[in-house]
Amino acid sequence: MLGVPDRGRVAIPAPVQGFRLRVFKGNSISTTKYNFFTFFPKGMFEQFRRVANCYFLMISILSMTPISPVNPVTNVVPLTLVLLVSLIKEAFEDWKRFQNDMVVNNTLIDVLQDEKWVAVPWKKLQVGDIVRVKQDGFFPADLLFLASTNADGVCYIETANLDGETNLKIRKALERTWDYLTPEKAAEFKGEVQCEQPNNSLYTFTGNLIFQKQTLPLSPNQILLRGCSLRNTEYIVGAVVFTGHETKVMMNSMNVPSKRSTLERKLDKLILALFGTLFMMCLIGAIGSGIFINQKYYYLGLDKGVAAEFNPSNRFVVAALTFFTLITLYSTVIPISLYVSIEMIKFIQSTQFINKDLHMYHAETNTPALARTSNLNEELGQVEYIFSDKTGTLTRNLMEFFKCSIGGEVYGSGVTEIEKGAAQRNGIKIQELRKSATAIQEKGFNFDDNRLMRGAWRNEPNSDTCKEFFRCLAICHTVLPEGDESPEKITYQAASPDEAALVTAAKNFGFFFYRRTHTMIHVRESCVEKMGKIQDVAYEILNVLEFNSTRKRQSVVCRYPNGRLVLYCKGADTVIYERLASGNDDLKKVNRAHLEQFGSAGLRTLCLAYRDLSPETYESWNEKFIQAKSSLRVRETKLDEVAELIEKDLILIGSTAIEDKLQEGVPACIETLSRAGIKVWVLTGDQMGTAINIAYACNLINNEMKQFIISSETDAIREVENRGDQVEIACFIKEEVKKQLKKCLEEAQHYLHSAPGPKLTLVIDGKCLMYALDPTLRVMLLNLSLNCTSVVCCRVSPLQKAQVTSMVKKGARKITLSIGDGANDVSMIQAAHIGIGISGLEGMQAVMASDFAIAQFRYLTDLLLVHGRWSYLRICKVCGSTSFRLYEN
Amino acid sequence: MAMSPLLDDDTTLFDVNLDGTSTSEDGGYEPIPAPKTKSKKPPPYSRFTQQELPACKPIITPKLVIASFTFIAIIFVPIGIAALSASNKVVEIEERYDRECIPPIYSDHILQYIQSVGTDKTCTRRLTVPKHMKSPVFIYYQLTDFYQNYRIYKSSRSNLQLKSKADEGSELKNCGSVQTVGDEPIVPCGLVAWSMFNDTYSFSVKDKALIVNKMNIAWESDKKGRFGSDVYPKNFQAGGVIGGAKLNSSIPLSEQDDLIVWMRPAPLRNFRKLYGRIDVDLEANEEIKVEIKNNYNSYGYGGEKLLVLSTTSAFGGKSKFLGIAYLTVGGFCFLFAIVFAIIHRFKRRDIGDTAYLSWNRSPVGYYIK
């Protein structure tokens, strides 16, 4: 079956040679900038894009003409040297890239040829080839997953190279293709893939497989991306869909936007000013020489046969030529050496000082600091505003199940650091309950309450709710178990540590999730029917409605062995409350109070809910779901819409509270930074309560400070929101934000004018921020926030983080620094003058977008106050002394 | 929806990890540090990379500043006074003679007078010695508005030719219009030699001639190194237009002190050049009769000619500049030392007081319009 010559159609197996229409690129990749022939012209072009080099080329050319009073060697040699060194560096880097490409392109892969697996290098792969990838091997191209040695056609992949996440992800082949595992069978496979054009979105794929005259929808679940590796699976068989530069990972390659330091830009301006001076000097000199030149100075021999430059009979030519002479003569006013020496100094500063600083080496994760660019060293010494992400930056991304509220009852006896700190500030001494000797200590679980542990929950008045709660924890997730199927040895691979903590909690409550097949979740439940009885229960997972940032919730539809159909849902309080069935207001109110209590203790909360489904309701919904799933366009949106249909009339079970531990040394570091006059802003996606409490714990806010809180969680706004008119809501919130801003600003001015006024802080949430960032209100926001010693923005989106950063960057004209660890911080990191990524843990995206990478937030002190300051002073000394030496000459 | 990870062009997803940093200034193409292949060891310790090398960073305290200012004042003021008094002791006689030495009948045809060979150019001036002048008394001629520093003038010479006889014909092209007579090279060639100063002075006191010592008026290094003892003037001033002095072709260039002095170009347009020395003391109020041969054409370009007699001191000739400079610097240092001492006494600030840092001062607040 031969596909039409359209990039969107792939025939499998690949058509034989001769019939092949050359529309697909091969699988060999090249990441080099140059090849043998383009190296010199292209490399030279790159060099002469720098103004300094261009200028000196001009001077060198001028100095070779007879009007030059200086020897051309003095100009040509340094320029040639600079160019040569740069070109050699470029060539060396490109050579290394080339060698890497060669290694990659020549890696062997098994390809199906004549019913046999034949090892061929990657570069020979073609679209439509059927390949076999063995365990721990890398996928050579973007593959359509056909069959796996694992049961149910699943395989596990690690995507560390794509997004840095080390947890395993599950992929599942279409059921119709599971059998094509052996070479004999695979050779019979004939099909055609209709798919989207190559693009760079790693998490989407829309396409259909036309196979045996049937159209089967394809999702990202059947796509194995180049760059990932196969884990926990003996081997898989797949068909090549995108090759080489058309693979998603290669489509994602892009250049890091280059940032230039303010000093460098200032230097450029100075150089420009110098050039202006030079121009004026030469002009005045040229005019002067035109006027001066006169035959009366007989001793100068200006009369007969003298060069045009000195011939008094044409003064204009004299002036013009003298102008160029003077430019070559005075060319040293522009210091070429300055650029070279600054570059060398910065190179040493970043590679020798910053990268090798033992004070910034984190031994546990074996991560030294990394200066990914050497352009911004001295910028570090001038930072005035730091924008910090919370999770993973200020706090460890180490989640521990800490407390829970089930059916209106709070369980869990721990006291958080934040509560201890708050109590200390209020002068109350909290007697910490001693942990019972039997308390379980485990990563992700820091919970003790004798009412729940070891099956004791059965005696609680709301034991049925408890059962639902634990089952929801054990079933509603996308966690993968790894290792032995025993409670001690199992490890959970989860997309977020929260999920792992919740599943670990379920395990400790006696609902041990130990195995996941594609359709089943196996849970070893103890003490459910009778104390001490252990039974393995398999729940059939019918649908998974995945978590994403717009939905803020995750649901699973499962069928109990006894046929009961339940939808378990967990998510942020706001979205769950919107979808609860009416009635039972007491529980809702109590639970909301508990949520607030957890939030103020600095805990992260999730609400759990369930809904019993009748088979009819489910079937009719499932049809819509499948339809949405197989749609080619806007599949995501359609799926979200369908999910809305079933995620309603939920019954609240309770809520969980997870502790997010502060990173080591964060409060001390922030204290030091604020003493150095640096203002720290926290930009987080968390709720206001959590954010404020983290800010308290970090020393950003204390009780002596005056807090301005601009929140959208007011009764007035809620009331308008309940009416549901989007336009009205927008207008109302905008007015409300304007009013609040005005009030706060007036108050702030009052405090500023009172002599030893309190320090000010601003807390604002994402919804209000959206309106406050409006051009009409932006100035007010800026005036208010710049007068505050610390600012906390909560519930902000990645885009808003970037907007806030650039607002300060442009509005206040101060040097800004963004620090973060996750993908949601990338835009903020790129928007600030300096972007810092937290390295060493999961997630490389922030690091890859950053200018510097450090392992811990507390290393900022060293990076800014030692390296930044010294680099700044040293670079300034170099600039100063170079220009001084210049004017000495 | 999802963030696209920013992979890079030289993502080597598979194995070899390049060194983490790239310093390409255009910011592009940075390799990703692959997490798997990280070195297992911490960065090596060295005092250089940890920036722990011994260093001296003096803290500039008020006391240190006051002390150093005082110290400078103490050193500089006496030097200044010494230099000034030395300069005051120098006795200098300046006599401008270019106008006075034109006979009144020629005052309308000066160029004709100066360029003609036949006219009598002798001119007598009388100078009075204001104070006792201790030998040696240096005789200078001073020219104004003479651009010896002009580029084509300055380079119009052949240094090779001046140095050795073998190179008589080399680098002649530098000499511009004064290269050859016929096919014979001019020695010394070039505009500099051609325009050599040729006024002469003879002095007498009470009809008793003063001997002008013209020995060793040129730099020793010039005589030994730059002007050859086997190079004799040849074809000099034999061309059409005669510029200045003629040279005795039987004396080698290394002995022609006047030429050597002239050939060292002056950096400014007004300059003095050494003419000779009088090795006897001149008494105060003595009248010196100077007989000048006013040969040199300074009238064409409108410059002045002066005759200068001067003694020297340890600081050189008569110049107040050095003394005043030392005194000014020393005086200001002294003044600052006193001012700082007063401020330090009555309105002191403690070193390292963070209350003065911009962000610790009373918050003024930002107002952006």
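User: In which hand, left or right, does α2(A) pass α3(A)?

Analyst: A crossing is left-handed if the near helix is turned anticlockwise from the far one by less than a right angle, and right-handed if clockwise. Here, α2(A) passes α3(A) in a left-handed crossing. This is a predicted model, in which local features need pLDDT of at least 70 and side-chain atom pairs count only at pLDDT 80 or more, while totals for chains, interfaces and linings use all residues. Residues are numbered from 1 along each chain as its sequence is written, chains are lettered from A in the order in which they are written, and side-chain values use heavy atoms, without hydrogens and water.

User: Which residues of α2(A) and α3(A) meet?

Analyst: Contact means heavy atoms within 4.5 Å. From α2(A), A:N53, A:F56, A:L57, A:I59, A:S60 and A:S63 meet A:N75, A:V76, A:L79, A:V82 and A:L83 of α3(A). They divide into 7 nonpolar, 4 polar and no charged (Ala, Val, Leu, Ile, Met, Phe, Trp, Tyr, Cys and Pro count as nonpolar, Asp, Glu, Lys and Arg as charged, the others, Gly among them, as polar).

User: Is A:D765 buried or exposed?

Analyst: Buried means under 20% relative accessible area and exposed over 50%, with partly exposed in between (1.4 Å probe, protein chains only). A:D765 counts as buried because its relative accessibility is 5%. The side chain of A:D765 also reaches the backbone nitrogen of A:C768 at 3.1 Å.

User: How many residues has the largest nonpolar core?

Analyst: A nonpolar core is a set of buried Ala, Val, Leu, Ile, Met, Phe, Trp, Tyr and Cys residues joined through side-chain atoms within 4.5 Å. The largest has 72 residues, and B:W262 is one of those with the most contacts inside it.

Terms used:
Helix = DSSP H or I, 4+ residues; strand = E, 2+ residues; numbered from the N terminus. Polar contact = N/O pair within 3.5 Å; in protein donor to acceptor, adjacent residues only side chain to side chain.
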